[in-house]
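Hi,

Here is the structure I said I would pass on.

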Amino acid sequence: MTERKPPGVDFESWVDKQIRDADARGEFADLPGAGKPLPGEVDSTYDELWWVKRKMAREGFSVLPPTLALRKEAEDALEAAAGAPSERVVRRIVEEINVKIRDVMFKPPPGPPLGLKPYDVEEVVRQWREGRAER
């Protein structure tokens, strides 16, 4: 644990002294990337959140506005409905996503507009039947 700043010592000079002492002890000797420039694109404009974006990519984490996430979920739901094993499952999938779409229609979250309306369950079931007949 670091020691407390002594009274009467300028904060900046106290921090500088701690850094110099740690450097003298070799605590910065084997840091990854030491002596190398920070990774990034050479001719890109500066983005102050570059490190957040890089960490999110490294961790496999992404954040979409709620409406965009729901658009993706709705698209995935239609794909799941098309490959569903029974009409009952198709109806359940479409009804579940319709509940979420209606919630967003009546209580819009921040972000871009949803641009979706609930799916016609009977139309999705009809398309599912036609898709199954073709197979």
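Some ground rules before that. This is a predicted model, where local features need pLDDT of at least 70 and side-chain atom pairs count only at pLDDT 80 or more, while totals for chains, interfaces and linings use all residues. Residues are numbered from 1 along each chain as its sequence is written, and side-chain values use heavy atoms, with hydrogens and water left out.

Helices here are DSSP runs (H or I, at least four residues), numbered from the N terminus. Buried means under 20% relative accessible area, exposed over 50%, and partly exposed in between (1.4 Å probe, protein chains only). If you click on Val90, leave aside its neighbours within four places in sequence and you'll find it in contact (heavy atoms within 4.5 Å) with Ala81, Ala84, Val124, Val125 and Trp128.

On the surface, Ile19, Phe28 and Leu31 make a nonpolar patch with about 270 Å² of accessible area together. Patch members have over 30% relative accessible area and no salt bridge, and nonpolar side chains (Val, Leu, Ile, Met, Phe, Trp, Tyr) are joined within 5 Å; the areas are Shrake-Rupley values with a 1.4 Å probe, and for residues only the protein chains shown count as cover. Ile19 sits in helix H1 (residues 11–24) and is partly exposed at 45%. Helix H2 (residues 50–59) lies largely in the open, because zero of its ten residues are buried. Gly60 follows H2, with a positive phi near 70°.

Now the charges. The whole structure has eleven salt bridges, meaning a side-chain nitrogen of Lys or Arg within 4 Å of a carboxyl oxygen of Asp or Glu. One of them joins Arg91 to Glu87, with the closest N and O atoms 3.0 Å apart. These two are four residues apart in H4, so about one helical turn separates them. Glu87 and Arg91 also belong to a salt-bridge network with Glu122 and Arg129. Over in H5, Arg126 and Glu130 are again four residues apart, and their closest N and O atoms are 2.3 Å apart.

Cheers

Technical notes:
Patch = residues over 30% accessible without salt bridge, like charges linked within 9 Å, V, L, I, M, F, W, Y side chains within 5 Å.
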